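Dear colleague,

I am passing on the structure we spoke about, with the sequence alongside.

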Amino acid sequence: MTQQAKKPLAVAIMGPTASGKTAAALAIARQIPSEIISVDSALVYRGMDIGTAKPTREERAAAPHHLIDIIDPLDSYSVAQFRNDTLRLVDEITARGKLPLLVGGTMLYFKGLADGLDDLPGADPALRAELEEDAAREGWPAMHARLAQQDPATAARLAPNDAQRIQRALEIIALSGKPMSELLALREKTELPFELLSFALEPSDRAVLHERIAQRFDLMLKETEDGDLITEVEQLRRRGDLHPGLPSMRCVGYRQAWEYLDGTIDFKTMRETGIIATRQLAKRQLTWLRSMPERVVIDCLKPDAAGTMLAAINTWGQTPGV
């Protein structure tokens, strides 16, 4: 370890869906004693395993994993909760002499961790109800268009059906009189209590990533001994307390499977819209990544992405035992 190093090292492995983040993290963990912190807003939910592509039992046994299966699908998990949990976990993991690997594709979590929390106005139930009524009449794409007029920068990074975030952005404008993008730009960047070496797994050929996404979605639909996506959503629906408006049920794949089970779309349409929605998610993730200039870009289509990361980590010289 270098003498001038005053902070412990944590490594971020970011990337779009299907870019091989989990495999790269486990390859690193085989060489350096590590623990994995999930940076994924879908993996937090219990009972949502297949559609979220959760690490398998074998993968989770290969290295300790954190922030997976921590809340019920009826509940929500905020950026603030993620940041607090991650700061605590990094401290605990480094105290155990291991390397924290922050692995996932929820860029809002990465940004909240690196930049700190904001002073945005709190939730207003009455205003939210009013926005919900507008959306019921006009549809979320129309609400997205409204946001684009008032806050084009925020609208550009949100999908037209991202109800939760569109609603929040419109709520902030109504409460503060200012666009969310402007308020976020004003906040002071906080200093983390650890060094964060950030890798971004990005495809040199997006068409290959799209094919990976289609293959993975088809695997989710294929019946196995652990079930399939449709069976999983059927089980969730049988609880009786979940509905399509919840953040958990708006996750890619779950929303389309729910519509299929409602009978509003057929299986072929469900598959096609699920794959399209996943590709759109990957596009948004790549857009977020381009706004992170401190990242080290690695082609996720090359065979030894993990080896490239290991070389950079070892060069850094701050990992336990290096």
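Below I go through the domains, the interface between them, and the cysteines.

Please keep in mind throughout that this is a predicted model. The chain is divided into domain 1, which is made up of 9-118 + 189-315, and domain 2, which covers 125-186. The C-alpha centres of domain 1 and domain 2 lie 25 Å apart, and the contact between them draws six residues from domain 1 and seven residues from domain 2.

Putting domain 1 and domain 2 together buries about 670 Å², and carbon and sulfur atoms contribute 57% of that area. On the side of domain 1, the residues that lose the most area to domain 2 are Arg250, Arg284 and Trp288, which together account for 54% of what that side buries. Sorted by class, the residues of domain 1 that touch domain 2 comprise three nonpolar and three charged ones, with no polar residue among them.

Turning to the cysteines, the count of disulfides in the model comes to zero. Are Cys251 and Cys300 buried or exposed? Cys251 has a relative accessible area of 14%, and because the cut-off for buried is under 20%, Cys251 counts as buried. Cys300, at 5% relative accessibility, is buried by that cut-off as well.

With best wishes

Definitions and conventions: Residues are numbered from 1 along each chain as its sequence is written. This is a predicted model: local features need pLDDT of at least 70, side-chain atom pairs count only at pLDDT 80 or more; totals for chains, interfaces and linings use all residues. Side-chain values use heavy atoms; hydrogens and water are left out. A disulfide is a pair of cysteine sulfur atoms within 2.5 Å. Buried means under 20% relative accessible area, exposed over 50%, partly exposed in between (1.4 Å probe, protein chains only). Domain bounds come from an automatic or database domain assignment. Contact means heavy atoms within 4.5 Å. Buried area is the accessible area (1.4 Å probe) that two parts lose on being put together, summed over both. Ala, Val, Leu, Ile, Met, Phe, Trp, Tyr, Cys and Pro count as nonpolar, Asp, Glu, Lys and Arg as charged, and the others, Gly among them, as polar.
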